[in-house]
Amino acid sequence: MVVLVASALATAPSALVNQAQGPLISGELDKWLALRERDASSQAPLIDGTEKRIRWYRGQSGTTTRYAIVYLHGFSATRQEIAPVAEVVADALGANLFETRLSGHGLQAGAMAGVSAEDWLNDAAEALAIGNEIGENLIVMGTSTGATLALAMVNHPSFERVSSLILLSPNIALRDSNSELLTWPGGPQLAYMVAGDTRSWTPNNELQARYWTTSYPTDALVEMMRLVKYVRNQLPMEIPQSLLVFYSPEDSVVDPAAITSAFGQINASRQQLVPIAGAGDPSHHVLAGDILSPGNNEAVTEAIVRFIRQDSE
């Protein structure tokens, strides 16, 4: 027993290295994507409405638009997370939209089992590759850990055509500081002893129960924290993109102080930090979207569109 404990304490999750590879896209893009999603769901069916999708502006399939929006959803969530915000922004800008599905998410069974932070980096590289196919200038939007993932990709070659970065409640640190232990030597083993192999939580309504994974392996939390730690280690950073960040000072999921601190350590071509009050989400984390915070949809979408249009002035 002593030997096992000593071994656990001497072992920490490996540091994340971004070696993400974008896929080779061939043939008609919609068919190519559908085949990849079919292969991904071979072990477990997808929940309807969570699959990766390209939403072509005005239904004009295959037509490149001036802007293309790439949306990266958060940990345990899906593209329904802040819907229809990304759609409304895309329509206002005349943009095509790609919404991804991160590995392990949106599954009817076995959700988030065996996934890694490296898988999510590859998902982001794929999303950016698709974005580069459907638009001339990319706008990357991310919520929570999707925002973290976006920041993890800023030095990747696929990010070169990104002009704006829109982050909602970026996960720079969780509000529960005990989460930091997950990447320490022996941290995962301690988490298993305290919380068990699985973490479960209670959704706020039926739609959140449908489109979020409310029970997942503790291992997935370790992978999420590996990604968070990777991004924090990149700070301070200088980026050529414009940066718009929304956050709530009352967020009980991620640490608002970490968001403001990280914002101060990023030097963007233009940047704006927007505090949001009165989110419908009881945790003040999902700041817009019909499922949890519909009352903020208009204000958030208008702020995003206004910010992006200022880039072209």
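Q: What volume does the second largest cavity have?
A: Rolling a probe the size of a water molecule over the atoms shows where empty space is left. In this predicted model, the second largest cavity has a volume of about 30 Å³. Its lining is formed by Gly74, Phe75, Leu102, His105, Trp120, Thr145, Leu149 and Leu227. Sorted by class, this lining has 5 nonpolar, 3 polar and no charged residues.

Q: How many cavities of 30 Å³ or more does the structure hold, and which residues line the largest cavity?
A: There are 2 cavities of 30 Å³ or more. The volume of the largest cavity is about 60 Å³. Around the largest cavity lie Leu151, Leu167, Pro170, Ile172, Leu243, Val245, Ile259, Ala262, Phe263 and Ile266.

Q: Which elements supply at least two residues each to the lining of the largest cavity, and how do the residues of that lining divide by class?
A: Strand S9 (242-247) and helix H9 (256-264) each supply at least two. H9 accounts for the largest share, 3 residues. The lining of the largest cavity divides into 10 nonpolar, no polar and no charged residues.

Q: Turning to pockets, how much space lies in the largest pocket, and which residues lie nearest its centre?
A: The largest pocket holds about 950 Å³ of space. It is lined by 37 residues, and Leu174, Arg199, Tyr216, Leu221 and Val253 lie nearest the centre. H6 gives the most, with 5 residues. By class, the lining of the largest pocket comprises 17 nonpolar, 15 polar and 5 charged residues.

Q: What are the corresponding values for the second largest pocket: how much space lies in it, and how many residues line it?
A: About 290 Å³ of space lies in the second largest pocket. Its lining has 15 residues, with Ala40, Arg101, Ser103, Gly104 and Asp123 nearest the centre. Helix H2 (29-40) and helix H4 (117-134) are the elements that give two or more residues to this lining. H4 contributes the largest share, 4 residues. The classes are 5 nonpolar, 4 polar and 6 charged residues.

Q: At roughly what angle do the axes of H2 and H4 cross, and is the crossing left-handed or right-handed?
A: The axes cross at roughly 165° and come within 12 Å. An angle over 145 degrees counts as roughly antiparallel, so H2 and H4 are roughly antiparallel to each other. The crossing of H2 past H4 is left-handed.

Q: Which residues meet where H2 and H4 are in contact?
A: From H2, Leu29, Trp32, Leu33 and Arg36 meet Glu126, Ile130, Glu133 and Ile134 of H4. The contact of H2 with H4 divides into 5 nonpolar, no polar and 3 charged residues.

How values were computed:
Residues are numbered from 1 along each chain as its sequence is written. This is a predicted model: local features need pLDDT of at least 70, side-chain atom pairs count only at pLDDT 80 or more; totals for chains, interfaces and linings use all residues. Side-chain values use heavy atoms; hydrogens and water are left out. On a 1 Å grid over the protein atoms alone, a cavity is a set of points where a 1.4 Å probe fits but cannot get out, and a pocket is an open set with protein on both sides within 12 Å along at least five of seven lines; lining residues have an atom within 4 Å of a point. Grid points are joined across faces, edges and corners, and a volume is the space filled by probe spheres set on the points. Ala, Val, Leu, Ile, Met, Phe, Trp, Tyr, Cys and Pro count as nonpolar, Asp, Glu, Lys and Arg as charged, and the others, Gly among them, as polar. Axes are lines fitted to C-alpha atoms, for helices over the stretch in contact, and angles run from 0 to 180 degrees between N-to-C directions. Angles under 35 degrees count as roughly parallel, over 145 as roughly antiparallel, 65 to 115 as roughly perpendicular and the rest as oblique. A crossing is left-handed if the near helix is turned anticlockwise from the far one by less than a right angle, and right-handed if clockwise. Contact means heavy atoms within 4.5 Å.
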